[in-house]
Amino acid sequence: MLPPRDPDERLKSRGADTRPPGRFEPMRSERESDGWDIPEDSRLLRTEITTETPRSIITRNTSPDVPFDRSINPYRGCEHGCIYCFARPSHSYLGLSPGLDFETKLTAKPGAAAVLARELARRSYRCAPIAMGTNTDPYQPAESRLAIMPGILRVLSDWNHPVTLVTRGHTVLRDVALWAELAAKRMAFVGVSVTTLDAGLARALEPRAPPPATRLRMIRDLAAVGVPVRVMVAPVIPVLTEPEIEAILTAARAAGAINASMIPLRLPHEVAPLFRDWLDRHHPGKAAYIMRRVQSMRGGRDNDPRFGHRMRGEGTEADLMQQRFRLARRRLGYSTDTPPLDCSRFGPPPRAGDQLTLF
């Protein structure tokens, strides 16, 4: 059971409603009135951003469920506030709540580009595509002010290093020229997440993310300058967004997406109680039915963390969902293969005074 909401806080466009402690916290606290409390004016909960300078910016992974072995995350936490976000539990490692803290207490890495340049310059470094947006969105609202991504993209382009992106943030269009530059060298691929085409549902699920119409415009504008785009129908939530699978694929294909992927709803660790609480607040009449449908894809549990299963689900519910997706993808002419990215030209950028090569 989640702790009660702080009555002195006013929430505006937030996904979570409270601050459940992380799974590593040895103690829990609860507010309890002793009758002596003095009424106070409520305060609007605002986003706080701290900065850090990491020693390394490239994170390695060996998961068999993802097609990359390295990634960059310029931010910890995400102000988009998507209630279902599988990255929420990562805030527990910082001693913060996966609930409201995840979307209001952010950490930014403004020196990421310089750290990345040092890492690429190491003689031991071997080139392979770097994935961005794998944990939190690098184009979340704070990026419009902090502008960390242009520096990272400039370093990657100068080094001829391929990169992929997953985002739902419209600030990506600010950097469209850099993405086009990388794409022209076959070094960029962008995935745009479209969960629903219903603006009202999107506002509740993803309160500070751009509306669906803006995400379709992102696909259109990126595709128009030659950036290959995948639409990511994720997560698919039974009852709420599942009926829209075909409609989302149709709209994204018309906008210029060439590839498509789908992931059923995942509820790891602290995300499950947060999502249940959200359902009780926004869809109380459907909550129990939705969770039964989710559990039918996850072996009777809220979540199945096993490699090979967590991204696809299992059982009749998951099979039918995947079949609908595959049939619609084929009918609409989507490619099933991701365009290969070129790693062959990776190398240090030329410096002033360097001798040019003949070939």
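How are α7 and α8 oriented relative to each other? The two helices are roughly parallel to each other, a class that takes angles under 35 degrees, with over 145 counted as roughly antiparallel, 65 to 115 as roughly perpendicular and the rest as oblique. The model is predicted, with local features needing pLDDT of at least 70 and side-chain atom pairs counting only at pLDDT 80 or more, while totals for chains, interfaces and linings use all residues. Residues are numbered from 1 along each chain as its sequence is written, and side-chain values use heavy atoms, with hydrogens and water left out.

**Helix packing**

- Helix α7 and helix α8 (residues 245–255) pack at an angle of about 30 degrees with their axes 8 Å apart, where axes are lines fitted to C-alpha atoms, for helices over the stretch in contact, and angles run from 0 to 180 degrees between N-to-C directions.
- Helices (H or I, at least four residues) and strands (E, at least two) are DSSP runs numbered from the N terminus.
- On the α7 side the residues are L216, I219, R220 and A223, and they meet A251, A252 and A255 of α8, contact meaning heavy atoms within 4.5 Å.
- By class, this contact of α7 with α8 has six nonpolar residues, no polar ones and one charged, with Ala, Val, Leu, Ile, Met, Phe, Trp, Tyr, Cys and Pro counted as nonpolar, Asp, Glu, Lys and Arg as charged, and the others, Gly among them, as polar.
- Helix α8 also packs with helix α11 (residues 316–331), their axes coming within 9 Å and crossing at roughly 25 degrees, so that α8 and α11 are roughly parallel to each other.
- The crossing of α8 and α11 is right-handed, and I245, E246 and L249 in α8 meet M321, R324, F325, A328, R329 and R331 in α11.
- The residues of the contact of α8 with α11 divide into five nonpolar, no polar and four charged.

- E206 sits in the loop between α6 (199–205) and α7 (212–224), and E206 is buried, with a relative accessible area of 1%, where buried means under 20%, exposed over 50% and partly exposed in between (1.4 Å probe, protein chains only).
- The side chain of E206 makes polar contacts with the side chain of Y84 at 2.4 Å and with that of R215 at 2.5 Å.
- A polar contact is a pair of N or O atoms within 3.5 Å; within protein, one must be able to donate a hydrogen and the other to accept it, and residues adjacent in sequence count only if both atoms are side-chain atoms.
- With neighbours within four places in sequence left aside, E206 is in contact with H80, C82, Y84, R168, T195 and R215.

**Helix α5 and backbone geometry**

- The buried residues of α5 are L178, W179, A180, L182 and A183, and what covers them includes α4 (149–158), β9 (163–167) and β10.
- Most residues other than glycine have a negative phi, and most peptide bonds are trans.
- R186, in the loop between α5 (176–184) and β10 (188–193), has a positive phi of about 60 degrees and is partly exposed, with a relative accessible area of 49%.
- S13, in the loop between β1 (9–10) and β2 (43–44), has a positive phi near 55 degrees and is partly exposed at 38% relative accessible area.
- The peptide bond from A234 to P235 is cis, with omega near -10 degrees, and P235 is found in strand β11 (residues 229–236).

Methods: Left-handed = near helix turned anticlockwise from the far one by under 90°.
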